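Visitor: I am new to this structure and would be grateful for a guided introduction. May we look at it together?

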Amino acid sequence: MGGDGGDEPIIHFVLVHGACHGAWCWYRLTTLLLSAGFKATTVDLTSAGINLTDANTVFEFDHYNRPLFSLLSDIPHHHKIILVGHSIGGASVTAALCKFSDKISMAVYLVADMVQPGTTSPPHSIMSVGEEEDIWEFTYGEGDDSQSPLEDVILASKLLRPSPVRALRGIDKLPPNPEADKVPRVYIKTAKDNLCDPILQDRMVEKWPPSQLYTLEESDHSAFFSVPTTLFTCLIRAVFSPEL
């Protein structure tokens with residue numbers, strides 16, 4: 001899972017946020033990982049979080065992912081990370097797989113866009129809102145039945161930023177990449193998701209089957225808020241799965 005040149009391997013998680021969020025959204029999960037002795041790194045993609053770039057100036061997907069690519073470029077070649085992406089952040093994970101497969105031991109898609117490189121205009125992806133209107137419904141704050149704590153809903157309402165939609169439309173332009181297929185993938189579904197219907201999640205899993213599949217039965221779209229401890233347990237189970 002990684003190493004620092006010493007005898008003991010380092011299990012290092014790199015966490016990638018979804019649209020409008022930032023590195024801040026992982027604060028509960030990061031606390032759990034660090035407290036358990038793992039290494040956890042979060043990143044603000046271009047125009048997100050404390051990255052000051054105006055989203056209106058970000059037109060290319062590579063530009064949006066530049067902070068993640070920079071972080072991965074700086075990781076020593078003998079060190080591998082577990083890359084976790086949430087929601088549309090899954091597309092950033094896949095883009096990273098295409099460029100840095102030698103530095104990624106596992107890719108985890110948390111109710112995330114998971115589309116095999118080489119697929120164009122996929123009707124099963126999270127970005128394909130227009131083609132999936134029958135199972136999509138956008139609700140601010142996920143509605144009154146959100147599972148996330150009120151304090152986190154309030155926090156998010158203060159920190160969410162506009163997302164560079166034009167750049168995100170580039171996620172279906174990734175060319176085929178055999179190396180990306182060699183990295184074990186894990187998909188984590190959220191059963192009480194008001195943003196990404198479980199039917200859509202199942203379609204992505206069917207189109208590009210992962211090595212492992214888990215379901216967070218009591219989670220809304222933001223599992224890092226609604227069920228952080230269960231999410232933490234799920235990640236650890238995936239990492240130490242005897243199936244790998």
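This is a predicted model: local features need pLDDT of at least 70, side-chain atom pairs count only at pLDDT 80 or more; totals for chains, interfaces and linings use all residues.

Visitor: Which residues are linked in a network of salt bridges?
Guide: R28 forms a salt bridge with E151, with the closest N and O atoms 3.6 Å apart. The side chain of R28 also meets that of D152 in a salt bridge, at 2.7 Å from N to O. The residues linked in this network are therefore R28, E151 and D152.

Visitor: Which helices do R28 and D152 lie in, and how many residues apart in sequence are the parts that the pair ties together?
Guide: R28 belongs to helix α1, and D152 belongs to helix α4. For R28 and D152, the parts tied together are 124 residues apart in sequence.

Visitor: Is D152 buried or exposed?
Guide: A residue counts as buried under 20% relative accessible area. R28, the partner of D152 in a salt bridge, has a relative accessibility of 24% and counts as partly exposed. D152 has a relative accessible area of 1%, so D152 is buried.

Visitor: Which element gives the largest share of the lining of the second largest pocket?
Guide: The second largest pocket has a volume of about 190 Å³. Its lining is made up of 14 residues, of which E60, F61, D62, G170 and K173 lie nearest its centre. The elements that give two or more residues to this lining are α2 (61-74), α3 (89-100) and α5 (165-168). The largest share, three residues, comes from α3.

Visitor: How many charged residues does the lining of the second largest pocket have?
Guide: D62, which is among the residues nearest the centre of this pocket, belongs to the charged class, as Asp, Glu, Lys and Arg count as charged. By class, the lining has seven nonpolar residues and one polar residue, and the number of charged residues is six.

Terms used. Residues are numbered from 1 along each chain as its sequence is written. Side-chain values use heavy atoms; hydrogens and water are left out. On a 1 Å grid over the protein atoms alone, a cavity is a set of points where a 1.4 Å probe fits but cannot get out, and a pocket is an open set with protein on both sides within 12 Å along at least five of seven lines; lining residues have an atom within 4 Å of a point. Grid points are joined across faces, edges and corners, and a volume is the space filled by probe spheres set on the points. Helices (H or I, at least four residues) and strands (E, at least two) are DSSP runs, numbered from the N terminus. A salt bridge is a side-chain nitrogen of Lys or Arg within 4 Å of a carboxyl oxygen of Asp or Glu. Buried means under 20% relative accessible area, exposed over 50%, partly exposed in between (1.4 Å probe, protein chains only).
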